[in-house]
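The sequence and structure come first.

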Amino acid sequence: MKKVIFLIGVFIFGTSEINAQAFKLLGQRDINLNNWFFPDAQFSYNDSDGNPYLFLNVNDDEAFKRVTLIRFNVTTNAWEDIIGTNYLLNFPPKHSQGVGLADGSCFVVTKRETLAIETNTLYQIFPNGIRDFIGPNPVPSNITSSVGIDTDIAMSSNGAIYYGGSTLFGDQNEFKKWNGTQWVQLPSIVEAVNNVKDISLSITNNGEIYAAYSHTVTNADLSVHRNKKIVKLNANETAWELVYTSPFEIDSSVSSGELYTKNNEVFMLAVGRTGQGFDTAFKLIHKNTTGNWSQLGPDLEIGVEIKASLLKANAGDIYVAPGGGADINIYKLNTASNTWEPLQNDIADGGPVSGSSTFLTEGKDGKVYNIFQSAIHSFTGVVYDPRNANLSTVDLATNNSIGIYPNPFSDSFNIKIPKNINGNLSYVIIDAVGRVVSKGNVNQSDFQVSTNELIKGVYVVNVKDSSNKTILSKKVIKK
């Protein structure tokens, strides 16, 4: 269901220019031993030393499923096996939801391929490869369907693990808590029309437990309405209380939504309809510390995507990254202007990098990691260091350096090049969804760029030197 996802790019706006060295490429890791195929990444996390981990289920050619846990060692700059790819569980898992800890260990709940009445199992896996079998989940008391259920888990600050799942058709759902010694049954979500699907769990620092889900209602006239809802488990853990219903509708084909908490804030990244048919966009819903729910930023229209990664960094920056394979795949929320700003993937050792099934995590010193599937059998990643992004050339407003004016502009803008910069320069204009809409050469010190063909909106202008290195990246607005 939910794989928090992400790819990468290299812009930071809001200030003015950036340093392309804010992004670095991680090495490749092939998951293709013994002719296995279709590795299915499940979750990712970072330890306190900044090493990113990735947990996968892997189909082999005999239709079994195996699991593996890999780690990128930031000191040696190489991938390492924590659980080797030859480790076969005592049953084939369909999903392996988990949470990682700062010491590098993780808790994993795995479930069988099809039968919901089969037991799920809770493991703890340590960075030295030791696997502790903690105990099976009792036969579900609330779910009797023979169709596999979609699951998620979350961990509270006191170590309790909360587990939730719903059936394929949303007619049954269940929740349990591991209290350190046993699983405890929790109440189900009750709907007048029982259609609870795509459950996502998250817990705030003060112990509030939230669940998000998709809800579908078919009216008497056969019209169908689909919304995202968020519920909160009451203090006695005896009932779920509805706290949010999306004012927008979702499509069944893009109904996934990721619930995410940072400290005591709650976020939901949902794909909502923006018009008729299947016109969709990501919508970031937020509950602040005063309890108010609202959408952050405008609709993020980035094509047909059903999954994305969401991260609020410790410094307060919010990132969203779709997992569709585009060259520009990370978006940062500019809180001052309440707009999304794409980060262009343009690293020093090869230019744009793309992939799918992406995972966004935060490592040491505020570094942001994007681990993603780069080919059918391989994974790689990119690390973004916002500290380097802010180490840039000075802006035209404070120094007679390279710059762009006027901004905002109407029919054209000028690229001003100081006399101390020589050589052949070029420019590229990129729109809000990462498409190149105009490019050309800069052939004089005060060069005018016509923008009659551009519609009103926010763009990014890159100026590059003769070696194709970006020497200026600036957000501009056509009014």
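Arg29 is buried, its relative accessible area being 12%. The model described here is predicted. The side chain of Arg29 forms a salt bridge with Asp81, and the closest N and O atoms are 2.5 Å apart. This pair connects distant parts of the chain, since Arg29 belongs to strand E2 (residues 29-30) and Asp81 to strand E6 (residues 78-83), 52 residues apart. Asp81 has a relative accessibility of 41% and therefore counts as partly exposed.

**Salt bridges**

Side chains of opposite charge can pair when their charged atoms come close. The structure holds 9 salt bridges.

| Pair | N to O distance |
|---|---|
| Arg29 and Asp81 | 2.5 Å |
| Arg71 and Glu80 | 2.7 Å |
| Lys332 and Asp317 | 3.8 Å |

In the pair of Arg71 and Glu80, the two side chains meet with 2.7 Å from N to O. Arg71 is buried at a relative accessible area of 17%, whereas Glu80 is partly exposed at 23%. Buried means under 20% relative accessible area, so the 17% of Arg71 falls within that class.

Lys332 and Asp317 form a salt bridge in which the closest N and O atoms are 3.8 Å apart. Lys332 lies in strand E25 (residues 330-334), while Asp317 is in the loop between strand E23 (308-312) and strand E24 (318-322), so the pair ties together parts 15 residues apart in sequence. Lys332 is buried, with a relative accessible area of 12%. Asp317 is partly exposed, with a relative accessibility of 23%.

Strand E15 and strand E16 (residues 209-218) run antiparallel and are joined by 6 bridges. Within E16, Ala212 stands opposite Ser200.

Strand E35 (residues 457-464) pairs with E36 in the antiparallel sense over 8 bridges. The bridge partner of Val461 is Lys474 in E36.

Terms used: Residues are numbered from 1 along each chain as its sequence is written. This is a predicted model: local features need pLDDT of at least 70, side-chain atom pairs count only at pLDDT 80 or more; totals for chains, interfaces and linings use all residues. Side-chain values use heavy atoms; hydrogens and water are left out. Two strands pair if DSSP finds at least two bridges between them. Helices (H or I, at least four residues) and strands (E, at least two) are DSSP runs, numbered from the N terminus. A salt bridge is a side-chain nitrogen of Lys or Arg within 4 Å of a carboxyl oxygen of Asp or Glu. Buried means under 20% relative accessible area, exposed over 50%, partly exposed in between (1.4 Å probe, protein chains only).
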